[in-house]
Amino acid sequence: MKKYFLILLITSSLIQAQQFKFAWLTDIHIGYPTAEEDLRRSVYDINSAEDISFTIISGDITATGTLEELSLAKNILADLTKPYYIIPGNHDTKWSESGCTDFLRLWGNDRFVFEYDKFLFIGLHQGPRMRMADGHWAPEDLRWFDSLIVSLPNSNQPIIFVTHYPIDEEIANWYEMLDRLKNVNTQIVLFGHGHNNKIYDFESIAGVMGRSNLRAKDAVGGYNIVEVKNDSIYFSERTPNIKTKLWHKVHLQQRNYEALLVEQKRPYYSINQKYPEVKPIWEFNSGNTIGSSAVVKDNSVYVGDASGYFYSLSLLDGSISWKYKTQNSIYSTPAVKCNYVVFGSADSSIYCLNAEDGNLIWKYKTNAAVLGCPVIEDDIVFIGGSDRIFRAIDLETGKLVWEFKGLNGFVETKPAFYDDKILFGAWDEHFYCLDSETGKLNWKWKGDHTGTFYSPAACWPVVSEGIVFFAAPDRKLTALDIETGNKLWRTGKYKVRETVGLSEDGEKLFIRTMTDTILALSVSDKLEEPLWITNCGFGYDISSSQIVENDGTLFYPTKNGMIYLLDSETGKILWQHKSTNGLINTITALANNKFITTDFNGKVNLITIIE
């Protein structure tokens with residue numbers, strides 16, 4: 001869908017700013033081989049320049065968001081003699097072992113706002129938080145921005161906006177921030193992510209991408225020096241102790257985006273007209289990011305959000321039956337059995353609540369955030385944490401049954417249970433099989449790619465006929481023998497990533513490729529030709545949401561909010577529906593024509609097919 005808006009540049013009222021300079025660092029990536037040395041050199045160089053007033057740091061402070069990497073970055077940045085203002089990037093949030101809380105503890109905030117000279121500087125990141133997807137402005141952050149703008153004493157104050165991603169379709173809801181920035185006197189948007197100096201135009205808002213502080217193939221890293229002088233902003237690339245080279249200039253002026261015809265793109269929802277029988281029944285809006293799936297028991301829907309609230313909603317109309325407040329974000333998809341509902345929180349606790357009234361039955365305190373999803377088998381809760389411990393806990397009492405301490409990374413996945421064995425991956429490159437009764441390690445497996453980013457950690461593994469299947473970021477599909485851990489087969493033919501599914505009868509394995517297609521394979525100890533391949537046309541998709549089947553229907557949501565329902569026998573597309581333009585978590589299928597979605601916009605939806 002295309003709309004049009006008007007832009008007027010009022011050149012008669014120029015912004016007369018005094019001269020000042022600031023340093024701009026981005027994509028520091030502490031954890032990469034030269035990152036520490038590159039950052040120390042830049043900090044020393046900034047301190048040697050007396051005319052630099054402050055420093056802006058626009059995200060990707062670390063490689064993987066660990067407390068160790070973040071703490072080292074903070075210690076180095078503490079040597080800056082002038083103030084600095086910092087936001088996280090996707091590397092600090094997607095792989096965050098703390099559920100994005102360590103950054104807040106260390107720096108006190110993951111946003112910033114301050115005035116300098118006549119300018120208002122606003123820094124706001126867009127994740128994505130904990131789930132592999134496009135960037136996404138969190139609803140809670142958009143509210144913060146709105147409240148800030150409403151409170152401005154001068155609505156024409158020139159604004160310099162700082163973020164991490166370019167404000168385009170790399171962010172699922174890019175248009176929500178662009179529309180806001182066009183309602184104020186936005187002079188320029190500064191961002192990183194791409195590691196190169198580059199000029200952008202965001203629907204006539206000037207954008208500048210800054211180079212990474214990393215040296216890459218050069219001998220020395222670098223950063224940008226930004227000078228605001230009279231009616232312009234000047235950008236110069238600085239190579240510490242070597243040179244400063246001017247490379248861009250942006251003219252400053254009063255901006256009112258109201259009069260020049262400019263084409264703009266917005267998400268397209270016409271697919272819902274093609275399939276009008278797909279009907280949303282109710283919607284609940286928590287107002288905060290939801291990064292987990294819902295579970296349903298009887299007439300109740302259970303789910304948590306990034307504010308730390310855990311909800312029980314009525315399946316009938318989506319109204320709140322009860323809610324319980326933890327002390328930090330919830331990214332753990334809950335498990336429910338009888339009257340017990342169990343989940344983890346980034347406040348480093350595992351909770352068990354009474355499913356009927358929300359009262360606390362027990363709480364188990366761990367040593368770090370609990371981002372893993374529990375499974376309940378034989379009245380035992382199995383769940384992994386960010387303290388690198390996997391635990392078995394008695395469902396009724398909350399007492400520890402056993403713990404496995406052999407992990408070197410955090411757990412976010414939902415483990416699989418098979419024949420007295422627990423199977424899961426962790427962010428330490430390994431996939432594990434533990435004895436469910438004792439916690440003893442049966443075996444662990446590592447792929448042929450080295451590095452944390454290739455860990456089989458986000459996929460929910462599926463098991464059938466003595467085989468465990470999973471897909472990792474290395475774009476390979478793997479089948480292991482559950483008894484031995486031996487590789488049965490492994491293929492990169494289909495270019496998969498972190499998404500699989502299993503038929504209810506255990507006979508078919510469902511795969512989502514990274515471009516356009518979903519396919520089915522027979523569950524077998526040998527790789528066979530696909531039973532069917534369907535080109536769904538969803539484009540490039542890196543979502544870590546899983547495929548589920550219910551009574552012959554497959555459910556899969558893309559990173560851009562398109563939901564596909566396929567016939568599991570033939571692969572035929574039965575229906576499609578688009579309810580958002582951002583990530584939808586793994587769908588909770590109630591029947592072959594009724595399902596529940598949760599998404600990054602903080603919404604829970606009950607959707608049904610009415611024929």
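User: Between which strands is the loop in which Cys-338 lies?

Analyst: Cys-338 lies in the loop between β22 (335-337) and β23 (340-345), where helices (H or I, at least four residues) and strands (E, at least two) are DSSP runs numbered from the N terminus. The model is predicted, so that local features need pLDDT of at least 70 and side-chain atom pairs count only at pLDDT 80 or more, while totals for chains, interfaces and linings use all residues. Residues are numbered from 1 along each chain as its sequence is written, and side-chain values use heavy atoms, with hydrogens and water left out.

User: What makes the phi of Cys-338 worth a remark?

Analyst: The phi of Cys-338 is near 50°, a positive value in a residue other than glycine. Most residues other than glycine have a negative phi, and most peptide bonds are trans. Cys-100, likewise not a glycine, has a positive phi of about 70°, and this residue is found in the loop between α3 (90-93) and α4 (102-107).

User: Why is Cys-100 called buried?

Analyst: The relative accessible area of Cys-100 is 13%, and buried means under 20%, exposed over 50% and partly exposed in between, with a 1.4 Å probe and protein chains only; Cys-100 therefore counts as buried.

User: Which peptide bond is cis, and what is its omega?

Analyst: The bond that joins Gly-127 and Pro-128 is cis, with an omega of about 5°. Pro-128 is found in the loop between β7 and α5.

User: Why is the arrangement of α5 and α6 called roughly parallel?

Analyst: The axes of α5 and α6 come within 12 Å and cross at roughly 0°. That makes α5 roughly parallel to α6, because angles under 35 degrees count as roughly parallel, over 145 as roughly antiparallel, 65 to 115 as roughly perpendicular and the rest as oblique. (The axes are lines fitted to C-alpha atoms, for helices over the stretch in contact, and angles run from 0 to 180 degrees between N-to-C directions.) Leu-142, Phe-145 and Asp-146 of α5 make the contact with Glu-176, Met-177, Arg-180 and Leu-181 of α6, contact meaning heavy atoms within 4.5 Å.

User: Why does Asp-45 count as buried, and which residues does it touch?

Analyst: Asp-45 has 2% relative accessibility and therefore counts as buried. This residue lies in helix α1 (residues 35-47), and Asp-45 touches Tyr-223, Arg-238, Pro-240 and Asn-241, not counting residues up to four places away in sequence.

User: What makes Glu-203 buried, and where does it lie?

Analyst: Glu-203 counts as buried at 12% relative accessibility, and it lies in the loop between β10 (198-202) and β11 (205-209). Glu-203 and Leu-178 are 25 residues apart in sequence and 8.0 Å apart in space, C-alpha to C-alpha.

User: Why are β30 and β33 said to stand at the edges of their sheet?

Analyst: Four strands form an open sheet in the order β30-β31-β32-β33, with antiparallel pairing. Each of β30 (416-417) and β33 (441-446) has a single partner strand, so one side of each is left without a neighbour in the sheet.

User: How do you know that β30 and β31 pair?

Analyst: Two strands pair if DSSP finds at least two bridges between them, and β30 and β31 (residues 421-425) are joined in the antiparallel sense over two bridges. Phe-417 stands opposite Ile-422 in β31.
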